[in-house]
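Please go through the structure below with attention to its charged and aromatic side chains. The report that follows takes up these contacts in turn.

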Amino acid sequence: MNPTAAFDGLECVDCGATVDAAESHQCPACGGALDPTYEYDAIDLDRERLASRPFDSQWRYAELLPFARESAVTTAEGATPLVDCPDLADELGVGRVLIKDEARNPTGSVTDRGASVAVTAALEDGATDVALPSTGNGGQAAAAYAARAGLEAHAYLPSRSGFTNKAMVNVHGGDMNVVGGRFDDAAAAFEEGLAEHDDWYSLRSFDTPYRHEGAKTLFYELAEQLEWAVPDAICYPTGTGTGLVGLAKATREFRELGLIDETPALYAAQASGCAPIVDALEDGRDEHEPVDHPDTICGELEVPDPTASARVLEAIRETDGGAVATDDPDILEAAVRVAQTTGLELIPSAGAAASGAWELAERGAFDGDETVVIVNTGSGNKEADVLRSHLMSQGV
Ligand SMILES: [Zn+2]
């Protein structure tokens with residue numbers, strides 16, 4: 001292991017047991033999920049020190065990651081632009097709308113951040129093979145970073161995943177398992193594979209403590225890009241919830257380090273056809289209930305049984321945020337509208353964050369001077385066919 005100075009090991013999110021990071025990915029006491037912990041007092045990071053570093057990759061925040069930059073498996077992910085969209089601000093009736101454009105990552109999605117950290121962990125652990133189920137982008141990212149690290153990647157994607165995701169797993173030399181059906185079917189096939197291979201290292205969201213850890217860096221960048229003015233609201237397309245869990249932790253850490261005082265309200269954006277987080281929040285529950293018949297065009301959002309829902313709901317509640325679901329036609333319309341007014345290319349799932357922001361505005365969630373950030377979790381041209389077919393359905 002080549003840990004960073006302040007990295008303290010892993011802690012169980014259910015029972016609080018501390019675990020040696022080199023030993024396990026699951027709590028030996030209760031089987032719960034683990035989360036990296038740090039000695040924040042030992043981290044010497046201030047605004048000036050950060051400003052003196054090139055804005056070149058997420059590893060510029062290595063003090064707040066488990067592994068040193070020198071040992072990172074990285075292709076300079078992160079350091080993505082934050083693009084001002086004044087026309088959208090006018091439409092929403094808020095002060096500023098900015099799009100954090102994760103499409104600019106090496107494999108075209110936000111999942112590169114977590115894949116970089118988690119594959120680094122796998123390599124440090126001496127793994128030869130990594131494996132995961134994925135809605136699509138995560139599988140592509142894992143295959144890319146495994147290729148760079150010289151590891152074998154076993155990706156399980158549902159047949160409905162986008163062509164680009166499946167093709168690029170192959171192109172990176174990964175073992176591509178296309179599973180008939182939807183995400184839960186892919187997850188079941190992955191579990192069978194994992195049970196048959198005790199040398200596979202799981203990269204499934206929240207099995208590994210390191211994918212949501214990588215997701216933290218998006219918020220660090222936002223704070224710096226806004227010159228330390230914390231946005232009022234962040235709309236994040238939410239499937240498994242790694243993004244929101246990472247963002248909430250990042251806000252706690254920057255407050256702990258004295259870098260910020262305020263917390264942004266975190267909003268989960270989902271599709272009406274699969275909105276377990278929205279349903280749980282509306283019903284006042286601490287966990288989701290699985291969606292029986294998930295059905296949305298947004299593949300990344302079609303996660304009917306998000307195992308870490310309690311942590312996602314906690315992230316929303318502790319930041320005074322919310323959750324919003326919109327219909328597929330509205331989601332696609334929002335993605336097209338953003339493309340036509342800002343020039344940016346949203347992946348259909350990120351259209352849910354845009355249409356969710358519109359929905360929140362209509363409900364009166366904003367009062368006129370807010371700064372709202374919409375996270376574009378992936379590149380629109382990964383699913384250009386879906387966006388184009390929406391236009392054709394409109395007779396264009
Ligand atoms: Zn435990």
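Is Glu 253 buried or exposed at 2% relative accessibility? Glu 253 counts as buried because its relative accessibility is 2%, where buried means under 20% relative accessible area, exposed means over 50% and partly exposed lies in between (1.4 Å probe, protein chains only). The model is predicted, so that local features need pLDDT of at least 70 and side-chain atom pairs count only at pLDDT 80 or more, while totals for chains, interfaces and linings use all residues. Residues are numbered from 1 along each chain as its sequence is written, and side-chain values use heavy atoms, with hydrogens and water left out.

**Salt bridges**

With a salt bridge taken as a side-chain nitrogen of Lys or Arg within 4 Å of a carboxyl oxygen of Asp or Glu, the count comes to 24 salt bridges. Glu 253 forms one of them with Lys 216, and this pair links distant parts of the chain, since Lys 216 sits in the loop between α7 (211-215) and α8 (217-225) and Glu 253 in helix α9 (residues 242-256), 37 residues apart; helices (H or I, at least four residues) and strands (E, at least two) are DSSP runs, numbered from the N terminus. Salt bridges that share partners join Asp 35, Glu 213, Lys 216, Lys 249, Glu 253 and Arg 311 into one network. Lys 216 is itself buried, with a relative accessible area of 0%.

| Salt bridge | Closest N to O distance |
|---|---|
| Arg 49 and Asp 44 | 3.3 Å |
| Lys 216 and Glu 253 | 3.0 Å |

**Aromatic pairs**

Rings of Phe, Tyr and Trp (its six-membered ring) pair if their centres lie within 6.5 Å, and planes under 30 degrees apart count as stacked, over 60 as edge-to-face and the rest as tilted; by this rule there are 10 aromatic pairs. Phe 7 and Phe 67 form an edge-to-face pair, at 6.3 Å centre to centre and 65° between the planes. Phe 7 lies in strand β1 and Phe 67 in the loop between α1 (47-51) and β4 (82-84), so the pair ties together parts that are 60 residues apart in sequence. Both Phe 7 and Phe 67 are buried. The pair of Tyr 156 and Phe 190 is likewise edge-to-face, because the ring centres are 6.1 Å apart and the planes stand at 75°. Ring pairs also link Phe 7, Tyr 38, Tyr 40, Phe 67 and Tyr 210 into a cluster.
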